[in-house]
Amino acid sequence: MTQDVAPGEWIAALIAARDTQQCDFFDFLTAVDELDEGIRVVAHVYSTKTRQHALIRTLLPPGALTLPTATTVYRGANWHERETHEMFGVHFEGHPNLVPLLLPDGFEGNPLRKDFVLASRVAKQWPGEVDPGQSMTDLKKPKRRRNLPPGVPENWAQP
Amino acid sequence: MKGLLKGLAVTLRTMTRRSVTRQYPEVQPDLPPRSRGVIGLLAENCTSCMLCARECPDWCIYIESHKETLPAAVEGGRERSRNVLDRFAIDFSLCMYCGICIEACPFDALFWSPEFEYAEHRIGSLTHEMDLLGEWMKTVPPPPEIDPGKPG
């Protein structure tokens with residue numbers, strides 16, 4: 001079952017899922033970058049008694065990426081919120097320890113945002129740019145048309 | 001006391017069953033023929049068309065080639081040019097074993113091999129060049145029998 005709620009009803013929806021729908025198992029909490037619409041936070045919970053799933057979603061507008069912490073409802077949400085915080089830049093109000101979970105110290109940016117530039121796709125020469133009958137050294141010669149790697153946005157800086 | 005008996009019952013039940021332990025590396029594992037161990041290259045079939053390198057989601061296939069002009073086969077015929085493969089390398093430290101390159105190849109130059117014992121001490125050694133990729137071809141199992149399908 002999927003339920004879309006307003007950010008203000010987030011905690012109430014989680015409490016309702018836990019208490020009235022008996023969803024005692026907190027599976028995961030993550031987010032989806034919806035570009036101009038903002039960031040959608042998703043939580044999946046499950047009832048081991050009735051075996052019902054519940055997916056609770058809320059859309060945060062780009063200017064207000066703040067949500068009250070779900071650790072008050074499900075304690076297991078602690079690490080999931082830390083990860084969502086570092087990966088998407090969503091702030092969880094009242095979280096006991098909102099520090100990066102997976103990223104190294106001093107890492108800048110939110111890697112799972114769609115505007116995050118993947119260093120490995122910018123620093124590396126695309127091997128497919130070579131045409132049949134060419135070698136890598138031929139790429140340094142000027143030519144009319146460049147083969148661009150599929151799926152890499154054109155506004156990412158190319159070497 | 002109850003827990004002790006239960007534990008002994010589990011032990012007895014397990015004792016009667018056959019062991020599933022595989023004695024690798026003393027005994028080689030019996031892998032299914034379609035195991036994805038390593039990718040072999042049949043260089044004779046490669047036309048350096050670049051399709052695999054362009055399809056590869058991990059950007060781990062490197063191909064370099066040059067054009068060679070063949071003289072006309074018959075008197076007054078046209079000269080033919082063809083691509084000669086200079087380098088074909090797969091970086092297995094990046095490869096995610098998706099098999100897209102093998103499916104993309106229209107000339108059947110790439111094959112799965114179940115060979116998996118090619119760990120290295122240095123990451124650079126995982127880039128297998130043409131000669132090594134050709135060696136892997138010896139470990140590629142023969143294609144399965146054609147399924148005759150439902151008769152009639």
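C105(B) sits in the loop between α3 (100-104) and β4 (110-113) of chain B, with helices and strands taken as DSSP runs (H or I, at least four residues, for helices; E, at least two, for strands) and numbered from the N terminus. This is a predicted model, in which local features need pLDDT of at least 70, side-chain atom pairs count only at pLDDT 80 or more, and totals for chains, interfaces and linings use all residues. Residues are numbered from 1 along each chain as its sequence is written, while chains are lettered from A and ligands numbered from 1 in the order in which they are written.

C105(B) counts as buried, with 20 C-beta neighbours inside 10 Å; the cut-offs are 20 or more other C-beta atoms within 10 Å for buried, 12 or fewer for exposed, and partly exposed in between, with C-beta atoms placed from the backbone. Residues up to four places away in sequence aside, C105(B) touches L51(B), C52(B) and L110(B), a contact being two C-beta atoms, placed from the backbone, within 7 Å. C52(B) itself belongs to helix α2 (residues 51-55) of chain B and is buried too, with 26 other C-beta atoms within 10 Å. Beyond its neighbours within four places in sequence, C52(B) is in contact with I61(B), C101(B), A104(B), C105(B) and L110(B).

Both cysteines turn up in the UniProt record: an unreviewed entry has a "binding site" annotation covering C46(B), C49(B), C52(B) and C105(B). UniProt positions are given here in the numbering used for the model, feature names are shortened, and annotations may be inferred rather than shown by experiment. The four span 60 residues in sequence, yet no two of their C-alpha atoms are more than 10.4 Å apart, so they gather at one spot.

Elsewhere in chain B, A119(B) lies in the loop between β4 and β5 (127-128). With 7 C-beta neighbours inside 10 Å, A119(B) counts as exposed. Its C-alpha atom is separated by 19 Å from that of C98(B), 21 residues away along the chain.

Now for chain A, which is divided into domain 1 (2-93) and domain 2 (117-159), with bounds from an automatic or database domain assignment. The centres of the two domains, taken over C-alpha atoms, are 40 Å apart.

In chain A, strands β2(A) and β3(A) pair in the antiparallel sense over eight bridges, where pairing takes at least two DSSP bridges between the strands.

Helix α2 (residues 77-88) of chain A has buried residues including A77(A), H80(A) and F88(A). What covers the buried residues of α2(A) includes β2 (25-33), β3 (39-46) and β6 (91-93) of chain A. After α2(A) comes G89(A), with a positive phi near 75°.
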